[in-house]
Amino acid sequence: MLHFRRLAIAIATTAAALTMAPAANAVSTPDTVAAESASAVVTLRYDDSQARGWETAIAAGVASWNTNVDNVKLAKAQPGTRAEIQIVATTGWPQATIGPVRPGGRGRVELGSQAVDQGYDKTRIAAHEIGHNLGLPDTKPGPCSQLMSGSTGGISCKNAVPDAAEQARVERFYANGAASRTPADGHLVVDAS
C-alpha cells in the first residue's frame, strides 16, 4: 500500500511540473510576437513645464517621432515625476544634448527664440532638438527633407518628420529595448546657423 501511495505522489508531482513548464515546441502567434516587441519599446518621459509658448510645437514634434519610430516612445511626464528629457525655452539658439538618452538618464533640449525670431519653424525646431536627444547629430548642410539638417533647410522649411535614414538610425539605437551608447553621447550641440 505504501508503494502505491508513493507512486501516486510521484505521478501527481510529475504531472504538475509538466503543466507548469513551458512547451519546448511552443509556436509564436501574432499576439505573442506583438507582446514581445511591445515589451521591447523604450519609453522616455519628457518635461516641458519650463517651455511656455512651445507646447503646441513640442506636442507636434513628439507626435512626429512617435508616429515614425517603433522602438522608442516619448511620453509627457506627470507633474512632480522624473523625466529623462528636460525641455526648456530660452532666448538663445536652440541646442540639445546628443543621446541616445536612456531610461533613467538625462537629456536636455533648449528651444531658443533666436531661431524663431529669424523665421525658423517652431515645430521643426522642437522635432530636430528632440532628434539630438534620440542620438542624431546634425547633418549640415542638408536638404529640408532631412530633419537633422536643421537651419540649413532654410527658413521656408517646415518639415518636422525624420527621413527614412534618420528613422532607421533611431530604431537601431533603441533596438531590443535598450539605448546604445554613441561616442558623442551627452555632448551639447548648438544649432546656430
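Which side-chain oxygen reaches to within 3.2 Å of the backbone nitrogen of Ala-165 at the start of helix 6? In this predicted model, that oxygen belongs to Asp-163.

Helix 6 covers residues 164-173. Some of its residues are buried: Glu-166, Gln-167, Val-170, Glu-171 and Phe-173. Viewed down the helix axis, the buried residues fall within an arc of 160°, so they line one face of helix 6. An α-helix has 3.6 residues a turn, so residues three or four places apart point the same way.

Move on to the loop between helix 6 and strand 6 (188-190), where Asn-176 is found. Its phi is positive, near 60°, and Asn-176 is not a glycine. Most residues other than glycine have a negative phi. Asn-176 counts as exposed because its relative accessibility is 76%, and the cut-off for exposed is over 50%.

Now turn to the peptide bonds. Most peptide bonds are trans. The bond from Lys-140 to Pro-141 is cis, with omega near -10°. Pro-141 sits in the loop between helix 5 (122-133) and helix 6. Another cis peptide bond joins Gly-99 and Pro-100, where omega is about 15°. Pro-100 lies in a loop too, between strand 4 (95-97) and strand 5 (107-112).

Technical notes
Residues numbered from 1 in each chain as written. Predicted model: local features only at pLDDT ≥ 70, side-chain atom pairs only at ≥ 80, totals over all residues. Heavy atoms only, no water. Helix = DSSP H or I, 4+ residues; strand = E, 2+ residues; numbered from the N terminus. Buried < 20%, exposed > 50% of the residue type's maximum accessible area, 1.4 Å probe, protein only. Arc of directions from axis to C-beta. Polar contact = N/O pair within 3.5 Å; in protein donor to acceptor, adjacent residues only side chain to side chain.
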